[in-house]
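Hi there,

Here is the structure I promised to pass on to you.

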Amino acid sequence: KTLISLSRDTLNDFKRLFNTLEMSNLEYWISTPALAEICVKDESFNRKLMPNIKQMFFAGEVLTKKLSKELFLRFGDNIRLINGYGPTEGTVLLSAIDIDKNMIEDSRSLPIGHPIDSGILKVVNSKGEEVKDGEKGELIALGNNISKGYYNNEELTNKSFFNCEVNGKKLRGYKTGDVVSFDNGVLYYYGRMDFQIKLNGYRIEI
């Protein structure tokens, strides 16, 4: 495959961006939802611009139903939309799922996916006990993909990261601070336990 990377200068110039997309023969799109939100403001962002597009993979921010619905309209029912979830500390994805129109019509927000094969995801209450299916709690991620911690910040590292053993295997753990629930093996996201928000991919403490 050929990787087509969009520079900051290209992203800041709409004409240049759309010319690049048109010339790219792009088949697989990977970005934050924010980039697609910007692109759909232009009516020419559709299958005519990218006739070979097969799949759009989003992660890093909340994927909205409005954007998903618009992308199906622009690129047709056969476009594959994937919603991925994963903080940087999980290097880099923890879950993913194919989005379909039934999910868009559901009263809940879009799911953030099934756990990836290389990791373990648990939903726990304030006591650290796993909650039942459908109950909300903090998402805890376990696996070899979890990072060592925060550079030169031992206090924050010790607050969020830990070591554990599962079935005789030593794993790294991370307390995400995200409120989620499992529904038949599928994760749903509800927000943060703290006052942190994400804006254009940046974490901001209110």
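Predicted model: local features only at pLDDT ≥ 70, side-chain atom pairs only at ≥ 80, totals over all residues.

Let me begin with the open sheet. Five strands make it up, in the order E1-E2-E3-E4-E5, and their pairing is mixed. The edges are held by strand E1 (28–31) and strand E5 (114–115); each has a single partner strand, so one side of each is left without a neighbour in the sheet. For E5, strand E4 (residues 95–99) runs antiparallel to it, and two bridges join them.

Next, the hairpin. Strand E8 (residues 161–166) pairs with strand E9 (residues 169–183) in the antiparallel sense, over six bridges. Val-166 of this pairing faces Lys-169 in E9, standing opposite that residue. Two residues lie between the strands of the hairpin, and Asn-167 takes a positive phi near 50 degrees there.

Finally, the cysteines. How many disulfides are there when a pair of cysteine sulfur atoms has to lie within 2.5 Å? The count comes to zero. As for accessibility, Cys-39 has a relative accessible area of 0%, so it is buried, the limit being under 20%. Cys-164 has 21% relative accessibility and therefore counts as partly exposed.

Happy to talk any of this through once you have had a look.

Best wishes

Technical notes: Residues numbered from 1 in each chain as written. Heavy atoms only, no water. Pairing = 2+ DSSP bridges. Helix = DSSP H or I, 4+ residues; strand = E, 2+ residues; numbered from the N terminus. Disulfide = S-S within 2.5 Å. Buried < 20%, exposed > 50% of the residue type's maximum accessible area, 1.4 Å probe, protein only.
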